[in-house]
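Work through each task yourself, then compare your steps with the solution.

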Amino acid sequence: MGEDLLEALKLVDRPVPLTREIGTHVIGDLSGIAPHLLSDEHLLMRVLKEGLDSESFTILGQQSLKFPGDESGVTGFFILSESHAAFHSYPEYGYIALDVFSCGDSRPDRVVAHVARALGATNAGTKTVDRHATMFSED
């Protein structure tokens, strides 16, 4: 057999990649928000929780931290049955970074939109990342 044919046979014997959809991860950049809202730990957690509840996410746990100083930011997250939701606020820039990942039927894009509306963001940019796993089949 020729070397070209041997190389072709090696290609045929390689496993076939299969892709399985895992979920949707939405990353939000929200700005033009009043700084005092972005320093309010309880408000930010409540607004994100309302958005998660409205889209039927299952909240398993939550945690937040207000950084020292009256005008400092907040970091918060929710552990979800479907994955997670997290944010960090920057009052000095009128900005909050938000991400919501769902491996279920719940809509993370609608949660980000809810937070943008509730906080009165004048600018809202999102990026959607479709998460997937690649597996190999011997077939």
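**Exercise 1.** Find which charged end sits over the ring of F101.

*Solution.* A charge counts as over a ring if NZ of Lys or CZ of Arg is within 6 Å of the ring centre and within 35 degrees of the ring normal. Here the charged end of R131 sits over the F101 ring, 5.9 Å from its centre.

Before you go on, note that this is a predicted model, where local features need pLDDT of at least 70, side-chain atom pairs count only at pLDDT 80 or more, and totals for chains, interfaces and linings use all residues. Residues are numbered from 1 along each chain as its sequence is written, and side-chain values use heavy atoms, with hydrogens and water left out.

**Exercise 2.** Describe the aromatic pairs in the whole structure.

*Solution.* Start with the rule: rings of Phe, Tyr and Trp (its six-membered ring) pair if their centres lie within 6.5 Å, and planes under 30 degrees apart are stacked, over 60 edge-to-face and the rest tilted. The search finds two pairs. In one, Y90 and Y93 are 6.4 Å centre to centre with 45° between the planes, so this pair is tilted. In the other, the ring centres of Y90 and Y95 are 5.7 Å apart and the planes are at 45°, so that pair is tilted.

**Exercise 3.** Decide whether Y90 and Y93 are buried, partly exposed or exposed.

*Solution.* Buried means under 20% relative accessible area, exposed over 50%, and partly exposed in between (1.4 Å probe, protein chains only). Y90 has 32%, so Y90 is partly exposed. Y93 reaches 61%, so Y93 is exposed.
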